[in-house]
Amino acid sequence: MRSDVAELARLAGWIEGWAQRGALSPDVSFAIALCLEEAVANVIMYGGAGDERLQIKVEVERDAGISTVRIEDNGRQFDPTQVPSPPVAASLEDAKIGNVGVHLMRSFASDMRYERRNGLNRLTLRFLEAQATPKQAG
Amino acid sequence: MDIAVEELAGGITKVVLRGRFDTTGAAVIEMPFNAIVTERRGVLVDLSAVTFLSSYAIRVLLVGAKIVSSKGGRLVILCPDNNVAKVLRTAGTDALIPVFQDEQAATAGVASS
């Protein structure tokens, strides 16, 4: 994929087709689509939107009820697992805008791992078919 | 993604959104949505026909609610209990913007401001 937000629409169509072919449950399909959107949008925003050198590779596989999504990019080092969840705002007026994407990924994926190897960011997300509801914040 | 506007009794503006409210969809509706929340004081955002919601969409909704609230008005969300509602709950958005599951309650929610 190129570093262009227009690629997100293509990614959404591709992952929807993959989930349908694999007969994934609607909840797991939704969780995968959400986490992929957030992860790739982050790479494009932090890795350099419009930078033609930025390459993003997405792989998905399913085995024994576990879907695994791998996102690899050659952008700036960025470890989403180290991003803290946003504080709970006391009121609408106090609410900060942003920082929700990684929190959603952490909640909707069963497992999220990051490694930096050979100058590449590699994020691996796993989704268990049984886990239909997001984990509690924390 | 589509956006449609209906005027309800009591000066309430219903904004009906349809489709995938993702980064791509949010970019399409952000400007018309901001124009509505800038002009109106009672806004009901209907997400019943929204099939997907990302953090960018939450940003658009929060900015809208803040604009309406800064004028002493109120923005509420109408959303059935589905995966979109799950995103709103997980992000803590439902603690900042009232979320209702039926239109009658949502309309009463806007009017209570």
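How many residue pairs are in polar contact between chain A and chain B? The count is 8 residue pairs, both partners at pLDDT 80 or more. A polar contact is a pair of N or O atoms within 3.5 Å; within protein, one must be able to donate a hydrogen and the other to accept it, and residues adjacent in sequence count only if both atoms are side-chain atoms.

Welcome to this predicted model, where local features need pLDDT of at least 70, side-chain atom pairs count only at pLDDT 80 or more, and totals for chains, interfaces and linings use all residues. Residues are numbered from 1 along each chain as its sequence is written, chains are lettered from A and ligands numbered from 1 in the order in which they are written, and side-chain values use heavy atoms, with hydrogens and water left out.

**Where the chains meet**

Chain A brings 29 residues to the contact and chain B brings 24 (contact means heavy atoms within 4.5 Å). About 2100 Å² is buried between them, and carbon and sulfur atoms give 67% of that area. Buried area here is the accessible area (1.4 Å probe) that two parts lose on being put together, summed over both. Of the area that chain A buries against chain B, Phe30(A), Leu92(A) and Ile97(A) supply 32%, more than any other three residues.

**Salt bridges**

A salt bridge is a side-chain nitrogen of Lys or Arg within 4 Å of a carboxyl oxygen of Asp or Glu. The whole structure has 17 of these over all chains, and 1 lies across the interface of chain A and chain B. Here are two examples.

| Residues | N to O distance |
|---|---|
| Asp27(A) and Lys86(B) | 3.8 Å |
| Glu7(A) and Arg10(A) | 2.9 Å |

Glu7(A) and Arg10(A) are 3 residues apart in helix H1 of chain A, so about one helical turn separates them. Helices are DSSP runs (H or I, at least four residues), numbered from the N terminus.

**Two helices in chain B**

In chain B, helix H1 (residues 23-39) and helix H2 (residues 55-70) pack at an angle of about 5°, with axes 9 Å apart. Axes are lines fitted to C-alpha atoms, for helices over the stretch in contact, and angles run from 0 to 180 degrees between N-to-C directions. H1(B) and H2(B) are therefore roughly parallel to each other (angles under 35 degrees count as such). Among the residues making this contact are Phe33(B) of H1(B) and Leu61(B) of H2(B).

How values were computed:
Parallel < 35°, antiparallel > 145°, perpendicular 65-115°, else oblique.
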